[in-house]
Amino acid sequence: MAMGLSTAKPYRRRLFLLLLRCTRTAEPSPKCPHHRPLSCSSPAAAAEPTHLRRIFRPGDPNRFAPGILDAFWGVRRFSTSVDPISGGDKNLERIFIQNMSVKPIVVDGVDAVPIEDERKEEVDTVVADAEEGKEELCGGKVEDLDQLEGGLEVRQEKEQSEVEKEAWRLLDRAVVSYCGRPIGTVAANDVTAANQAVNYDQVFIRDFVPSALAFLLKGESEIVRNFLLHTLQLQSWEKTVDCYSPGQGLMPASFKVRTVPLDGSNEAFEEVLDPDFGESAIGRVAPVDSGLWWIILLRAYGKITGDYALQERVDVQTGIRLILNLCLSDGFDMFPSLLVTDGSCMIDRRMGIHGHPLEIQALFYSALRCSREMITFNDGSKNLVRAINNRLSALSFHIREYYWVDMKKINEIYRYKTEEYSHDAINKFNIYPEQIPSWLVEWMPDKGGYFIGNLQPAHMDFRFFSLGNFWAIVSSLATPRQADGILNLIEDKWDDIVGRMPLKICYPSLEYEEWRIITGSDPKNTPWSYHNGGSWPTLLWQFTLACIKMGRPELAQRAVAVAEKRLPNDKWPEYYDTRSGRFIGKQSRLYQTWTIAGFLTAKMLLENPAAAAVLTCDEDLELLQGCACSLSKNARIKCSRLAAKSQVVV
Ligand code: GLC
């Protein structure tokens with residue numbers, strides 16, 4: 001039932017849609033091409049044209065996303081799935097019932113909403129708040145880096161090389177504006193006729209992260225701040241696939257700024273933000289990593305600029321909680337790792353990574369660590385913080401213990417007994433030793449090891465995935481010994497992982513029957529191409545971060561040097577093909593922004609290792625202790641910090 005404004009709680013009064021409209025009379029541009037026909041006949045869906053629900057275009061109550069209007073009027077209709085709140089952890093339940101609707105989204109055109117007279121005063125307050133918020137977002141001046149206290153000192157002593165200068169020119173050219181303000185970078189600026197834009201003309205959340213870091217390290221923070229705030233507003237948008245709406249909190253994979261005619265006018269136009277939550281994406285994959293990247297970037301923004309006020313804002317705090325709510329809500333799963341579908345991260349096509357892929361677990365762990373630092377601690381958040389700590393402990397134990405492989409562990413698996421039934425089973429996941437792939441027997445170095453790609457009942461995916469391993473180091477999900485072991489392995493297997501272009505997205509590729517069955521005969525993911533063993537220069541910055549953290553920058557320097565020789569000549573491709581990364585990828589976009597930004601960020605981190613330090617997380621022994629203690633409840637391990645160290649740290 002609708003709730004009147006006069007009876008609304010103060011936080012509800014602030015629940016409005018932010019103005020994201022800026023009218024202009026510029027060149028008309030094509031209408032939104034996404035007027036998708038409705039594929040189902042439910043009355044609710046038929047009453048609301050799908051494109052109106054997707055496009056972020058406030059101003060008219062009939063054009064509000066239904067979820068937002070409902071939230072405004074006090075009706076919760078966040079999801080057509082089982083209520084994630086009441087179905088979840090009881091402690092979290094309280095937190096989220098308190099805060100679910102707090103998001104102080106500000107709306108323009110509030111006068112378009114039918115308002116009774118007695119509510120007018122309150123609406124005026126809301127409009128004033130809205131103006132304030134709008135001013136801050138679209139017109140507000142972002143402080144210069146040197147005005148901010150506690151931020152990173154930005155060093156730009158070194159003269160840029162010609163390659164760096166070109167990279168900066170290209171990165172600046174990739175900037176997308178909205179309401180005349182920078183808001184992100186387009187995925188690729190490839191103008192060659194052979195390469196259709198598909199969705200490469202959009203701002204991808206994950207792709208923007210290296211751009212954001214490059215800008216921040218250069219002292220330009222406005223674009224990052226705008227990006228963080230605008231994507232936050234997209235988070236509240238209702239998204240629907242085949243009459244089904246996933247839960248609130250999901251961040252889009254990407255968004256596009258569109259110019260559309262203002263209703264009833266042939267001359268005036270407005271810009272709208274059109275997010276894609278996976279409902280247009282190839283394969284309709286939900287971008288699980290987007291929210292995690294958003295949290296990681298939010299922390300980086302605060303650390304580098306010293307502008308901690310942004311993360312303290314109520315809407316930003318609520319955004320963090322909504323993401324965590326999605327990640328921490330209970331399901332059927334038995335593991336502390338996140339259960340996701342195939343293609344829910346950088347690898348956004350079918351590649352046999354459904355289940356508990358390492359990339360998502362490492363980003364999840366990082367995002368939990370970052371959130372814990374940023375969440376304002378009070379009575380309303382203490383249960384959430386407790387839930388985060390518990391999950392961090394369990395997750396780090398789980399990954400360190402069960403995902404790690406080295407010679408010793410492979411040998412153990414080789415001698416595993418199977419079909420063990422009991423609490424004390426050694427082979428907990430019933431792994432049949434025959435699963436050890438023949439390539440691994442020779443490939444595994446004597447010194448070093450890595451985290452496997454996935455773990456499920458009776459299934460270990462032994463492929464080496466770069467991003468997950470790098471982030472395990474960066475976030476301290478890996479123990480110091482494991483982190484060193486990963487870098488040892490990369491050094492040892494340099495030709496396989498770096499080769500002629502850093503870095504292999506995964507090793508080795510799926511071939512023959514495996515390729516046919518696991519990828520579904522995907523012609524883009526043929527062996528040693530694209531996600532199936534292709535080489536992605538954007539991974540350079542994450543590798544660099546990991547190397548600097550472990551005190552081995554020379555490894556990153558070597559890899560950057562390999563890339564620097566080729567990238568400008570090859571026009572900054574998205575990815576490379578073949579076993580050693582010799583060819584430019586078959587369907588690779590040129591002038592791919594995260595290739596350019598990844599290179600620049602890697603360079604800047606190497607020049608300013610102090611910057612790397614603020615982007616990483618250190619080992620937290622309290623977490624280990626927490627895990628050892630909960631294990632001790634099963635009388636397996638005595639509870640002490642020492643026990644934590646000896647049992648959990650490999
Ligand atoms: C491809 C990549 C994905 C990236 C997108 C835009 O789909 O797989 O990770 O975000 O291109 O560059």
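Predicted model: local features only at pLDDT ≥ 70, side-chain atom pairs only at ≥ 80, totals over all residues.
Visitor: What is in the chain, and how much of the chain is buried?

Guide: The chain has 26 helices and 12 strands. Of its 650 residues, 61% are buried.

Visitor: Why is Leu-392 called buried?

Guide: Buried means under 20% relative accessible area. Leu-392 has 0% relative accessibility, so Leu-392 counts as buried.

Visitor: Where does Leu-392 lie, and which residues is Leu-392 in contact with?

Guide: Leu-392 is part of helix α14. Apart from neighbours within four places in sequence, Leu-392 is in contact with Tyr-365, Leu-368, Arg-369, Arg-372 and Leu-623. Ser-337 is 55 residues from Leu-392 in sequence, and their C-alpha atoms are 9.8 Å apart.

Visitor: What makes α14 mostly covered?

Guide: The count of buried residues: 15 of the 21 in α14.

Visitor: How do you know what span to expect for helix α14?

Guide: The expected span is 1.5 Å times one less than the number of residues. Helix α14, residues 382–402, has 21 residues, and 30 Å is expected. From first C-alpha to last, the helix reaches 30 Å, which is close to that value.

Visitor: Why is the pair of Phe-227 and Phe-255 called tilted?

Guide: A pair of aromatic rings is described by the distance of the centres and the angle of the planes. A search of the whole structure finds 23 aromatic pairs. In the pair of Phe-227 and Phe-255, the centres are 6.5 Å apart and the planes are at 35°. Stacked needs an angle under 30 degrees and edge-to-face one over 60, so an angle between these limits is tilted. The pair of Phe-227 and Phe-255 is therefore tilted.

Visitor: What makes this a link between distant parts of the chain?

Guide: Phe-227 is in helix α9 (residues 222–235) and Phe-255 is in strand β5 (residues 254–261), 28 residues apart. Both Phe-227 and Phe-255 are buried.

Visitor: Why is the pair of Trp-471 and Trp-541 called edge-to-face?

Guide: The centres of Trp-471 and Trp-541 are 6.1 Å apart, with 75° between the planes. Edge-to-face requires an angle over 60 degrees, so the pair of Trp-471 and Trp-541 qualifies. This pair also links distant parts of the chain: Trp-471 is in helix α17 (residues 466–474), and Trp-541 is in helix α21 (residues 540–549), 70 residues apart. Trp-471 and Trp-541 are both buried.

Visitor: How do you know that Arg-558 sits over the ring of Trp-494?

Guide: One condition is that CZ of Arg is within 6 Å of the ring centre, and the other is that CZ is within 35 degrees of the ring normal. The charged end of Arg-558 is 3.9 Å from the centre of the Trp-494 ring, and sits over that ring. In another case, Lys-218 lies over the face of Trp-168, 4.2 Å from the ring centre.

Visitor: What makes Lys-218 and Glu-220 a salt bridge?

Guide: Side chains of opposite charge can pair when their charged atoms come close. The limit between nitrogen and carboxyl oxygen is 4 Å. The closest N and O atoms of Lys-218 and Glu-220 are 3.2 Å apart, so this is a salt bridge.

Visitor: Why are Lys-218 and Glu-220 called partly exposed?

Guide: Partly exposed lies between under 20% for buried and over 50% for exposed. Lys-218 has a relative accessible area of 23%, so Lys-218 is partly exposed. Glu-220, at 33%, is partly exposed too.

Visitor: What makes Arg-349 and Asp-522 a salt bridge, and are they buried or exposed?

Guide: The closest N and O atoms of Arg-349 and Asp-522 are 2.8 Å apart, which is within 4 Å, so the two form a salt bridge. Arg-349 is in the loop between α12 (314–328) and α13 (358–374), while Asp-522 is in the loop between α20 (512–519) and α21, 173 residues apart. Arg-349 has a relative accessible area of 19%, which is under 20%, so Arg-349 is buried. Asp-522, at 7%, is buried as well.

Visitor: How many salt bridges does a search of the whole structure find?

Guide: The search finds 22.

Note on methods: Residues numbered from 1 in each chain as written. Heavy atoms only, no water. Phe/Tyr/Trp six-rings, centres within 6.5 Å; stacked < 30°, edge-to-face > 60°. Helix = DSSP H or I, 4+ residues; strand = E, 2+ residues; numbered from the N terminus. Buried < 20%, exposed > 50% of the residue type's maximum accessible area, 1.4 Å probe, protein only. Salt bridge = Lys/Arg side-chain N within 4 Å of Asp/Glu carboxyl O. Contact = heavy atoms within 4.5 Å.
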